[in-house]
Amino acid sequence: MVALERELREPLAPAPSTTTADAIPLALRRHGGSPRQVLAITFIGILALALFASRDLPSWVGGLGDGPLIERAQPLATKWDDAMASIGLTRPHEALRDLIRRLLDAQW
Amino acid sequence: MLFPTLGFLLFFLIVAAAMAVLDTRFAAKKAVLVVASYYFYAQWDWRFCFLLAGSSALSYLAGQLIDKAPDRGRARTILGIAVALHLGLLGAFKYFDFFISSANQLARLLGLEHELPFIEILLPVGISFFTFHGISYITDVYRGDVAVCRNPLDMLLYMSFFPQLVAGPIVRAAYFLPQLARPSTEPIPIGPALLLILSGLFKKVVIANYLATGLVDPVFSAPTSYGGPDLLLATYGYAVQIFCDFSAYSDMAIALAALLGFRFPANFNQPYRAQRLREFWQRWHISLSTWLRDYLYKPLGGNRDGRLRTYRNLLLTMLLGGLWHGAAWKFIAWGALHGGGLAVERMLEPWIGRRALSPVAKIIATLVVFHFVCFAWIFFRAEDFAMASLYIGGLATGWSGGLQQAGPFVVALIALGLAGQFTPDALFDRVALAFARVPSWGLGAMAGIVVALINALGPEGVAPFIYFRF
């Protein structure tokens with residue numbers, strides 16, 4: 001463990017206990033954005049996810065819980081998925097699922 | 001509420017909207033984050049929120065009393081009481097039934113008929129983490145490493161901040177509280193944060209989940225049904241699975257905190273490339289190993305009082321580190337193996353310690369450490385001690401048959417997970433800097449599409465993270 005690296009010849013108590021490094025180093029924190037950009041990215045990300053992951057949308061909505069709002073949202077999610085399938089946006093999803101199925105079935 | 005779910009995504013959208021609207025109103029932002037964190041925690045069981053609030057209140061009050069104590073002796077007494085109360089809460093919820101069960105087993109061995117009753121309470125998710133947060137704060141106040149927290153809102157947020165609340169990393173008060181004192185003037189590192197989220201999702205959804213369902217779970221649940229090759233690959237598989245699962249959670253927690261304007265410490269650094277067991281603990285669950293070092297190993301005396309005391313302190317620290325993971329003898333065995341390994345490594349230091357290793361010796365050292373860690377994982381993952389013994393017995397003797405469970409795909413995932421341990425550090429930095437040059441709308445669209453692709457690659461449903469149960 002980390003402690004074992006150092007020989008403790010000095011008294012222990014006054015030594016600062018925090019010797020942690022930032023997970024995102026300073027050099028990478030110099031470029032960035034604002035909270036508004038974070039909001040915009042989150043929103044666009046959800047939109048892109050709704051377009052390309054519509055196959056799982058009905059089950060995700062089901063996973064949100066129970067209640068009248070969810071009951072109303074689930075048919076909408078199914079309709080949305082049908083619409084995405086009709087314009088071909090579900091094809092990458094289906095192709096990847098098919099690929100994974102074949103990889104899982106592969107034997108030595 | 002798990003990170004890779006629609007519920008969490010919508011929750012984060014609302015929190016991000018609040019952060020954007022409140023902009024420079026830092027106190028209001030902190031208040032929103034406290035409310036959001038308690039809402040997040042209440043999704044498991046709303047009653048646990050009272051426990052979290054109680055633990056926060058205890059830490060806050062103890063900090064105030066230690067700060068105002070007239071002398072060092074009084075401060076030490078308050079520290080002792082507060083730590084005992086924190087550990088008492090943890091013990092009552094996490095360890096009470098384990099000790100009752102062990103006492104009953106001992107009583108049966110001694111021929112006593114009376115059995116103590118169990119209390120059978122639900123383990124509050126994240127209790128080990130927020131208890132360690134609380135202990136870290138009051139100890140740091142006592143030691144003078146952190147200024148006493150006078151704002152109750154800051155203490156509530158430090159203890160409950162949702163990215164790290166249920167599975168860490170363990171963020172020290174001296175590291176986090178100064179970030180709450182004034183708003184950060186740094187830009188939000190959106191590129192690195194998105195890269196951490198996407199790589200974390202891939203590790204969890206694709207690598208960890210398929211290894212669990214395709215190899216590790218079936219083999220560990222019935223080890224006698226499999227031969228040595230499957231048992232060995234399932235051991236490697238679990239080593240990769242637990243790394244990908246836990247480091248994925250840490251990566252996402254770090255990224256979410258960064259997107260909300262806060263810094264978190266690193267928690268993993270390619271642990272399976274370690275050439276010493278000591279180095280493994282410098283790379284694995286760093287926030288826990290440094291916590292154990294500073295709040296357990298050093299107070300026990302560290303390496304100050306001679307070799308035998310050092311070995312004892314190492315063993316005790318790792319035993320308690322094992323017990324922290326769960327109330328079971330198998331975790332104590334896991335801790336004992338690591339403590340014993342560290343002590344033996346230290347004993348051998350005059351022979352192996354100071355010399356620079358040749359390239360071949362480095363490879364051998366890495367393989368030895370990796371296999372020792374894998375052996376210890378068998379105890380960690382097995383249902384109980386008896387299963388671990390059967391598993392190890394099968395590994396030692398059952399080499400006549402071929403592979404039944406481990407197909408080419410899961411073996412490729414193990415290879416991919418292990419290859420990831422040896423990528424150069426600069427790779428992440430280069431990709432993150434490339435992300436930083438993409439405009440916001442492009443980053444959002446790319447992130448959404450990559451998440452959709454990762455989702456398509458992963459199995460149906462969302463498996464909980466391994467460290468939620470600790």
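In the predicted model, the buried residues of helix α12 of chain B are I286(B), S287(B), L288(B), S289(B), T290(B), W291(B), L292(B), R293(B), D294(B), Y295(B) and Y297(B). The helix spans residues 286-297 and is mostly covered, with eleven of its twelve residues buried. The cover over these buried residues includes three other helices of chain B, namely α5 (127-143), α11 (277-283) and α13 (307-325).

Chain B was also examined at the level of domains. Its domain assignment gives domain 1, residues 6-181, and domain 2, which is made up of residues 190-275 and 357-457. The C-alpha centres of domain 1 and domain 2 of chain B are 29 Å apart. Contact between the two domains involves ten residues of domain 1 and eleven residues of domain 2 of chain B. On the domain 1 side of this contact, the elements that give two or more residues are α7 (162-165) and α8 (173-181) of chain B. By class, that side has seven nonpolar residues, three polar residues and no charged residues.

The packing of individual helices was considered next. Two packed helices are described by the angle between their axes and by the distance between those axes. Within chain B, the axes of helix α3 (residues 48-68) and helix α4 (residues 72-109) come within 9 Å and cross at roughly 170 degrees. Because angles over 145 degrees count as roughly antiparallel, α3(B) is described as roughly antiparallel to α4(B). From α3(B), the contact is made by S55(B), L58(B), A62(B), L65(B) and I66(B). From α4(B), the partners are A75(B), I78(B), L79(B), A82(B), L85(B), H86(B) and L89(B). The contact of α3(B) with α4(B) has ten nonpolar and two polar residues by class, and no charged residues.

Two residues of chain B have a positive phi although neither is a glycine. For D23(B), phi is near 45 degrees. D23(B) lies in the loop between α1 (6-22) and α2 (26-42) of chain B. D23(B) counts as partly exposed because it has 13 C-beta neighbours inside 10 Å. For Q270(B), phi is about 45 degrees. The position of Q270(B) is in the loop between α10 (228-259) and α11 of chain B. Q270(B) has 15 other C-beta atoms within 10 Å and is therefore partly exposed.

Chain A has five helices and zero strands, and its pattern read along the sequence is α-α-α-α-α. The chain has 108 residues, of which 26% count as buried. An exposed residue of chain A is L69(A), which is classed in this way because it has 11 C-beta neighbours inside 10 Å. L69(A) lies in helix α4 (residues 68-86) of chain A. Along the chain, L69(A) and A21(A) are 48 residues apart, and their C-alpha atoms are separated by 45 Å.

The contact between the two chains involves 57 residues of chain A and 69 residues of chain B. On the side of chain A that touches chain B, the elements that give two or more residues are α1 (26-29), α2, α3 (57-62) and α5 (91-105) of chain A. Of these, α2(A) gives the most, with 16 residues. The residues on this side of chain A divide into 36 nonpolar, 14 polar and seven charged.

One helix pair that joins the two chains was examined in detail. The axes of helix α2 (residues 35-52) of chain A and helix α20 (residues 440-457) of chain B come within 7 Å and cross at roughly 40 degrees. This angle makes α2(A) oblique to α20(B). The crossing in which α2(A) passes α20(B) is right-handed. In α2(A), the residues that meet α20(B) are Q37(A), A40(A), I41(A), F43(A), I44(A), G45(A), I46(A), L47(A), A48(A), L49(A) and F52(A). Their counterparts in α20(B) are S440(B), W441(B), L443(B), G444(B), A445(B), A447(B), G448(B), I449(B), V451(B) and A452(B). The residues of this contact of α2(A) with α20(B) divide into 16 nonpolar and five polar, with no charged residues.

Notes. Residues numbered from 1 in each chain as written. Chains lettered and ligands numbered in written order. Predicted model: local features only at pLDDT ≥ 70, side-chain atom pairs only at ≥ 80, totals over all residues. Axes fitted to C-alpha atoms, helices over the stretch in contact; angles between N-to-C directions. Helix = DSSP H or I, 4+ residues; strand = E, 2+ residues; numbered from the N terminus. Parallel < 35°, antiparallel > 145°, perpendicular 65-115°, else oblique. Left-handed = near helix turned anticlockwise from the far one by under 90°. Contact = placed C-beta atoms within 7 Å. Nonpolar A, V, L, I, M, F, W, Y, C, P; charged D, E, K, R; others polar. Buried ≥ 20, exposed ≤ 12 C-beta atoms within 10 Å, placed from the backbone. Domains from an automatic or database assignment.
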